[in-house]
Amino acid sequence: MQSASGTNIVAIDNKIEQAMDLVKSHLMYAVREEVEVLKEQIKELFERNSVLERENAVLKSLANSEQLSQLTTQTGATAATPGSSSTSTLQQLQPVPQQLQPPPQPQPQTQLDASQQPQPNVTSA
């Protein structure tokens, strides 16, 4: 009777090991898929960041020194306030009188797919 129970224990141990291997392979598959998704998101975020940096450079080149200093001052003041954003700082800027505005310059064209909408983003350097 003891050899039968010994064989039974070995069979149960083998089944447990097989189940653990199955769980392990499923988890590894899920982790690999998640890594691929995250890699794609990182790639998209890098591309988006690059577009926003180019837009920021264009906006900075179009702004006059008074606007930039006002923006820098306001961003320094709002950096201490949680939840503030650069867009609210941009909206607070005083409009420049027409005679002080630089002539319009052609902006570089960037190719965006349908899911990316260009949005202005101005931050201080």
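The protein chain exposes about 10300 Å², and carbon and sulfur atoms supply 59% of that area; accessible areas here come from the Shrake-Rupley method with a 1.4 Å probe, and for residues only the protein chains shown count as cover. Of its 125 residues, 13% count as buried, where buried means under 20% relative accessible area, exposed means over 50%, and partly exposed is in between (1.4 Å probe, protein chains only). Keep in mind that this is a predicted model: local features need pLDDT of at least 70, side-chain atom pairs count only at pLDDT 80 or more, and totals for chains, interfaces and linings use all residues. Residues are numbered from 1 along each chain as its sequence is written, and side-chain values use heavy atoms, with hydrogens and water left out.

**Confidence**
- The mean pLDDT (the predictor's confidence in each residue, from 0 to 100) of the protein chain is 75, and 60% of its residues reach 70 or more.
- Helix 1 (residues 2-62) has the highest mean pLDDT among the elements, at 94, while helix 3 (residues 86-92) has the lowest, at 46.
- Over residues 84-101 the pLDDT is below 50, and this stretch has 21 contacts in the model beyond near neighbours in sequence; contact means heavy atoms within 4.5 Å.

**Fold**
- You get three helices and zero strands, in the order α-α-α from the N terminus on; helices (H or I, at least four residues) and strands (E, at least two) are DSSP runs, numbered from the N terminus.
- Of the contacts with a separation of 6 or more, 74% come from residues 24 or more positions apart.

**Coiled-coil annotation**
- An unreviewed UniProt entry places a "coiled-coil region" at residues 28-62; such annotations may be inferred rather than shown by experiment.
- In the model, that span is 100% helix and 0% strand, with its end C-alpha atoms 51 Å apart.

**On helix 1**
- Ile-12, Ile-16 and Met-20 form a nonpolar surface patch with about 300 Å² of accessible area together.
- Met-20 sits in helix 1 and counts as exposed because its relative accessibility is 55%.
- One salt bridge turns up in the whole structure, defined as a side-chain nitrogen of Lys or Arg within 4 Å of a carboxyl oxygen of Asp or Glu.
- That salt bridge joins the side chains of Lys-39 and Glu-36 (4.0 Å, N to O).
- Lys-39 and Glu-36 are three residues apart in helix 1, so about one helical turn separates them.
- Glu-36 counts as partly exposed, at 48% relative accessibility.

Note on methods
Patches are made of residues with over 30% relative accessible area and no salt bridge: like charges are joined within 9 Å, nonpolar side chains (Val, Leu, Ile, Met, Phe, Trp, Tyr) within 5 Å.
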